[in-house]
Amino acid sequence: MTIKETTVHESQVHSPRLRAALYLRKSRADLEAEARGDGETLAKHHRALCELAGQHDVEIRRAYQEIASGEHILERPQMQQLLHDVSNGLYDLVLCMDLDRLGRGNLIDQGVIQETFKRSGTRIVTPRKIYDLRDELDEEWTEFESFLARRELKLITRRMQRGREQSVKAGRSISKRPPYGYLRTDELKLIPDPQTAPVVKWIYALASNSLGPSAIAERLRAMALPSPSGNALWSPSTVRFILLNPVYRGALVWGRVRSHKVREMERARYHRVVMEPDAWIVREENHEPIVDCATWERVNNESKRPPTCASANNKKKIHPLAGLIFCATCKRAMVRQPVKNRPHNALRCATKGCPTRSARYELVLHAVQRALSDQFRGVAITPNPEQTEFTAVSDSLAHVIARTRQAREEQLKRICEMYEQGVYTRTQFQARYDEVAEQLRQANESLEALKQERNETNHKTNRAKSALNARARCEPSHLFLSCKGDDLRALLIKSVRRIEYTRTLNDTGGECPRLNVELLF
Ligand SMILES: [Zn+2]
């Protein structure tokens with residue numbers, strides 16, 4: 001079949017030779033062939049198409065040569081230009097090696113290409129066949145071929161995905177670039193990069209010293225160290241990405257980040273989304289780590305704290321037991337930590353090697369609430385419906401403190417009596433007296449502080465009404481059970497001096513540890 005035999009285009013009347021454009025693009029198969037040493041594909045195709053143009057005696061006005069290898073029109077600037085020119089009627093023919101060089105992306109792309117060629121009456125010439133999309137038969141044929149091309153593309157994509165997974169499972173790094181801090185051997189193995197690995201080490205060291213990603217990025221920028229992308233623009237997210245990457249503890253990970261295509265104006269942009277860890281393919285102990293496992297875990301436990309809370313109100317959320325509960329063995333304050341893949345938190349001793357076992361934080365908190373509630377059982381104050389929640393708390397506490405103060409005063413009197421009777425030695429008396437006198441002093445102080453606080457609160461008129469019921473208001477015992485969050489924290493700070501936590505390895509007494517709650521008064 002020759003072009004002269006097909007329907008004569010109107011423009012032919014004025015121009016003796018048909019105007020043609022070449023469209024050149026590498027397919028995936030070409031890239032693979034080149035890798036095998038099959039030579040430059042595009043140059044080869046260019047020669048073939050020029051020959052084809054010679055056979056049909058057409059004039060080549062322009063060659064569109066795609067450098068990008070994207071499947072979609074959005075990713076191919078030359079294709080966009082070609083479509084634009086075709087729709088402006090610049091060409092009678094477009095020469096390409098195969099129909100699927102034009103497009104084998106999705107249906108929408110397919111439709112755009114077909115519509116553009118159909119409307120302008122531009123024919124597509126391949127070494128095999130000439131397509132005139134105005135001809136119904138050709139159109140059907142084109143649709144069928146592109147349908148096949150799309151199907152094939154899907155199969156290729158799926159095969160490639162499987163191949164990637166297998167590579168990772170075999171320990172080969174197949175990302176576009178090796179991760180920052182590493183070099184890649186020809187066998188696709190990762191080895192620490194003497195240039196950048198120390199930077200990664202330093203980032204982790206800074207993070208271990210409780211520096212956040214923003215502060216670390218600032219230090220890196222100040223030192224003008226090149227960032228993973230090659231410039232000196234270290235951003236907090238770059239730092240966070242490095243801190244969260246298991247590759248530095250020696251694990252090879254695939255599928256941590258997926259790129260989603262976003263259409264923005266004329267260009268395709270990629271949106272990076274960090275996937276859930278259960279979607280990752282991880283191969284531990286794959287290569288030489290840059291940071292040791294313990295450091296990696298510690299840094300990651302710290303950076304996993306919800307950053308939104310801190311940045312949203314710029315105030316760290318303090319849990320009700322913070323700084324109040326201590327390990328009975330090493331006397332260090334216990335810390336609350338989220339538990340991986342579990343809805344609850346853990347309360348653990350921060351000392352390395354301490355035999356104290358951790359427990360569920362929520363369980364301990366509830367035990368503390370119950371213990372306090374028991375201590376305050378039977379104490380009641382006169383209800384006052386006008387009171388705000390806050391003054392209700394203060395009042396109940398004031399009541400309890402006043403009662404404790406009375407007991408301490410009586411105790412002091414007794415200690416003096418016993419000393420006079422010769423029951424205590426001078427040193428015993430002094431120690432005992434000092435102890436109780438200190439408790440009395442603190443009770444007085446607390447009482448004074450509460451009074452002051454209450455006066456201040458009374459001045460604030462528009463305080464939120466209490467959500468607690470009347471019974472809880474006047475009975476502190478209930479208050480300890482019903483309060484939550486900040487209110488509970490305020491209540492604990494005012495009433496608890498310290499809580500000692502005991503749970504050793506041979507402790508088989510159920511899930512809950514032994515707690516020794518020491519009151520402030
Ligand atoms: Zn401990």
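Modeller: Start with handedness: a crossing is left-handed if the near helix is turned anticlockwise from the far one by less than a right angle, and right-handed if clockwise. Here, α3 passes α5 in a left-handed crossing. Helices (H or I, at least four residues) are DSSP runs, numbered from the N terminus. This is a predicted model: local features need pLDDT of at least 70, side-chain atom pairs count only at pLDDT 80 or more, and totals for chains, interfaces and linings use all residues. Residues are numbered from 1 along each chain as its sequence is written, and side-chain values use heavy atoms, with hydrogens and water left out.

Colleague: At roughly what angle do the axes of α3 and α5 cross?

Modeller: Two packed helices are described by the angle between their axes and the distance between the axes. Axes are lines fitted to C-alpha atoms, for helices over the stretch in contact, and angles run from 0 to 180 degrees between N-to-C directions. Helix α3 (residues 77-87) and helix α5 (residues 107-120) cross at roughly 25°, their axes coming within 8 Å. That's why α3 and α5 are roughly parallel (angles under 35 degrees).

Colleague: Now Arg249: buried or exposed?

Modeller: Buried means under 20% relative accessible area, exposed over 50%, partly exposed in between (1.4 Å probe, protein chains only). Arg249 has 15% relative accessibility, so Arg249 counts as buried. You'll find Arg249 in the loop between α9 (236-243) and β8 (252-254); strands (E) are DSSP runs of at least two residues. Across the whole protein, 40% of the 521 residues count as buried.

Key. Parallel < 35°, antiparallel > 145°, perpendicular 65-115°, else oblique.
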